[in-house]
Amino acid sequence: MVVLSVPAEVTVILLDIEGTTTPIAFVKDILFPYIKENVKEYLQTHWEEEECQQDVSLLRKQAEEDSHLDGAVPIPAASGNGADDLQQMIQAVVDNVRWQMSLDRKTTALKQLQGHMWRAAFAAGRMKAEFFEDVVPAVRKWREAGMKVYIYSSGSVEAQKLLFGHSTEGDILELVDGHFDTKIGHKVESESYRKIANSIGCSTNNILFLTDVTLDSTAKTEWKTNYLVSQIRSKYEKETLKGFFLLEERKEAQGFKSILCQQGKQMHKDNTCPMVMPRPVLLRKQMFMSLWW
């Protein structure tokens, strides 16, 4: 196994979820389709509940803000016309949710409803969260070494806790010191990470962020070191990784993950990344266990 040396000042591991701790397939093929397929039934079942009405109100407010967008779906207020009016409102919410999801939007309103729907599904035993097999052992070792572990994902904090509380590994919430979502700021904004550091009570230099989304990394230019667990999706993406050194996957390892390391001006003259061992290929199951001090 290749071991990646982590700077001594790192005391906090900040983890993304989709594609980092959890297979993208679980999110794309199970979590999100569940929302699309069951949102109407969920609304019909829970419509009279205060929580559901709060979700709908938030979605309606978001719809008003989105009114200038092409294809935006409005959510009308109740007109008092009985059952037909109710079904029209429910269908409008369903159409709005599916429209937002078709654009892969990450609005707080959408994430809140999704989180409540997943909570009901997990509580009923209809699904369990999946994690890459190296994640839990790695997190345990990091904590044994004195590291703090936090989550930062576009999914709501409630949804994050559901994943870690109802997983195929059991309830592993105790392994996480805290959670952050887009309420603290979007992942492409540098200010979000300063806020996270302030909330934790440390410097951004003390935090190592692991994510599979290269776009997220561009926000943290002032961080000394960031390793990105990255699934290389296309040649185009490789060509747009400005500011990062990409360790290419070997031909015989097609489909495996590779490592990105942001080093700024600290590149060696031979263009190798100074904090990564020369051998570039790591199997996904080895990825987390290869980060050590």
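Tutor: The buried residues of helix H6 pack against H1, H4, S3 and S4. Those buried residues are Ala159, Gln160, Leu162, Leu163, Phe164 and Gly165. Keep in mind that this is a predicted model.

Student: What is the overall make-up of the chain, in helices and strands?

Tutor: The chain has nine helices and nine strands. Of its 293 residues, 53% are buried. Now look at contacts with a separation of 6 or more: residues 24 or more positions apart account for 71% of them.

Student: How do I read a strand?

Tutor: In a regular strand the side chains alternate between the two faces of the sheet. Take strand S2, residues 12–15. Val12 and Leu14 lie on one side, Ile13 and Leu15 on the other, and all are buried.

Student: Which strands pair with S2, and in what sense?

Tutor: S5, residues 207–210, runs parallel to S2 and is joined to it by four bridges. S3 also pairs with S2 in the parallel sense, over four bridges. Ile13 has Val149 in S3 as its bridge partner.

Student: Which way do the side chains of S5 point?

Tutor: Ile207 and Phe209 point one way, Leu208 and Leu210 the other. All of them are buried.

Student: Now helices. What should I check?

Tutor: An α-helix has 3.6 residues a turn, so residues three or four places apart point the same way. Then check the length. Helix H4 covers residues 108–123, which is 16 residues. At 1.5 Å a residue it should span 22 Å, and its end C-alpha atoms are 22 Å apart, so the two agree.

Student: Which residues of H4 are buried, and what covers them?

Tutor: The buried residues are Ala109, Leu110, Lys111, Leu113, Gln114, Gly115, His116, Met117, Trp118, Ala121 and Phe122. Their cover includes H1, H2 (50–65), H3 (83–102) and H6 (157–165). After H4 comes Gly125, with a positive phi near 75°.

Student: Where else should I look for a positive phi?

Tutor: Look at Asp104. Its phi is near 55°, a positive value in a residue other than glycine. Asp104 sits in the loop between H3 and H4.

Student: Is Asp104 buried, exposed or partly exposed, and why?

Tutor: Asp104 counts as partly exposed because its relative accessibility is 40%.

Student: How do I read a charged residue that is buried?

Tutor: Look for a partner of opposite charge. Asp55, in helix H2, is buried yet has no salt bridge. The nearest side chain of opposite charge is Arg119, 6.8 Å away. A salt bridge needs the charged atoms within 4 Å. Leaving aside neighbours within four places in sequence, Asp55 is in contact with Gln112, Leu113 and His116.

Student: How many aromatic pairs are there in the whole structure?

Tutor: A search finds four. One of them is Tyr150 with Phe180, a tilted pair: 5.9 Å centre to centre, with 35° between the planes. This pair links distant parts of the chain, Tyr150 in strand S3 (residues 148–152) and Phe180 in strand S4 (residues 178–180), 30 residues apart. Both Tyr150 and Phe180 are buried.

Tutor: Another pair is Tyr152 with Tyr193. This one is edge-to-face, 5.4 Å centre to centre, with 85° between the planes. Tyr152 is in strand S3 and Tyr193 in helix H7 (residues 190–200), 41 residues apart.

Student: Why do Tyr152 and Tyr193 count as buried?

Tutor: Buried means under 20% relative accessible area. Tyr152 counts as buried because it is at 0%, and Tyr193 because it is at 1%.

Key:
Residues are numbered from 1 along each chain as its sequence is written. This is a predicted model: local features need pLDDT of at least 70, side-chain atom pairs count only at pLDDT 80 or more; totals for chains, interfaces and linings use all residues. Side-chain values use heavy atoms; hydrogens and water are left out. Rings of Phe, Tyr and Trp (its six-membered ring) pair if their centres lie within 6.5 Å; planes under 30 degrees apart count as stacked, over 60 as edge-to-face and the rest as tilted. Helices (H or I, at least four residues) and strands (E, at least two) are DSSP runs, numbered from the N terminus. Buried means under 20% relative accessible area, exposed over 50%, partly exposed in between (1.4 Å probe, protein chains only). The expected span of a helix is 1.5 Å times one less than its number of residues. Contact means heavy atoms within 4.5 Å. Two strands pair if DSSP finds at least two bridges between them. Lys and Arg count as positive and Asp and Glu as negative; His and the chain ends are not counted.
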